[in-house]
Amino acid sequence: MALTLVLGAAAPAPEAPRYPADTVLLLVAPWCAPCHAELARLDTIAAAARSRAVRVFMVEDGARAAAMWRRVPEAYRWTPPDGEVRRYRTDALARAAGLPFAIATDARGHVCATRDGGMDAVRVVALVGAC
């Protein structure tokens, strides 16, 4: 208790970022071979995700990332709000054991389920069902 009085109370933990609501967010990077395979299945993944939107979140910058991003249809792209890219990448990657990785969000944009490994129709149904 004396230590708390001297140092002050612990600062509250920063609130986790809010992702797009009711979404399955696929984290990808150009060096991730399974991520490229996952991107080839986007339409199938989106159909299986039912009422949730499917979006791709590029977790790296650079020429290779830009080239990969150009191959992602605009309807599937998601970029964090201006000035927040680092915060969202840090949060998302802290949840992942590796890539590819998927995050499902609830109606408020809070993470309600995560899954390591590439998504396909069966895996995305299980991910959405975990929310």
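Two strands are said to pair if DSSP finds at least two bridges between them. In this predicted model, strand E3 (residues 101–105) and strand E4 (residues 111–116) meet that condition, for they pair in the antiparallel sense over 5 bridges. One point of this pairing can be located by residue: Thr105 has Val111 in E4 as its bridge partner. The hairpin of E3 and E4 has 5 residues between the strands, and Gly109 there takes a positive phi near 85 degrees.

E3 also pairs with strand E1 in the antiparallel sense, over 4 bridges. Here Leu27 stands opposite Phe101 in E3. Is E3 covered or exposed? The strand is mostly covered, with 5 of its 5 residues buried. In a regular strand the side chains alternate between the two faces of the sheet. In E3, Phe101, Ile103 and Thr105 point one way, while Ala102 and Ala104 point the other way, and all are buried.

Attention now turns to a helix. In helix H2 (residues 33–40), the residues Cys35, Glu38 and Leu39 are buried. Because they cover an arc of only 100 degrees around the axis, they lie on the same side of H2. An α-helix has 3.6 residues a turn, so residues three or four places apart point the same way. The buried residues of H2 pack against E1, helix H3 (42–48), strand E2 (53–58) and H4. The face turned away from this buried side carries the exposed residues Ala33 and Ala40.

The aromatic residues form a further theme. A search of the whole structure finds 4 aromatic pairs. A pair of aromatic rings is described by the distance of the centres and the angle of the planes. The ring centres of Tyr19 and Trp78 are 6.1 Å apart and their planes stand at 55 degrees, so this pair is tilted. Distant parts of the chain are linked by the pair: Tyr19 lies in the loop between helix H1 (2–7) and strand E1 (23–28), and Trp78 in the loop between helix H4 (63–70) and helix H5 (85–95), 59 residues apart. Tyr19 and Trp78 are buried.

Tyr19 also pairs with Tyr88; their ring centres are 5.2 Å apart and their planes are at 85 degrees, so the pair is edge-to-face. This pair too links distant parts of the chain, since Tyr88 is in helix H5, 69 residues from Tyr19. Tyr19 and Tyr88 are both buried. The charged end of Arg87 sits over the ring of Tyr88, 6.0 Å from its centre. Together, Tyr19, Phe57, Trp78 and Tyr88 form one aromatic cluster.

How values were computed. Residues numbered from 1 in each chain as written. Predicted model: local features only at pLDDT ≥ 70, side-chain atom pairs only at ≥ 80, totals over all residues. Heavy atoms only, no water. Phe/Tyr/Trp six-rings, centres within 6.5 Å; stacked < 30°, edge-to-face > 60°. Helix = DSSP H or I, 4+ residues; strand = E, 2+ residues; numbered from the N terminus. Buried < 20%, exposed > 50% of the residue type's maximum accessible area, 1.4 Å probe, protein only. Lys NZ or Arg CZ within 6 Å of the ring centre and 35° of its normal. Arc of directions from axis to C-beta. Contact = heavy atoms within 4.5 Å.
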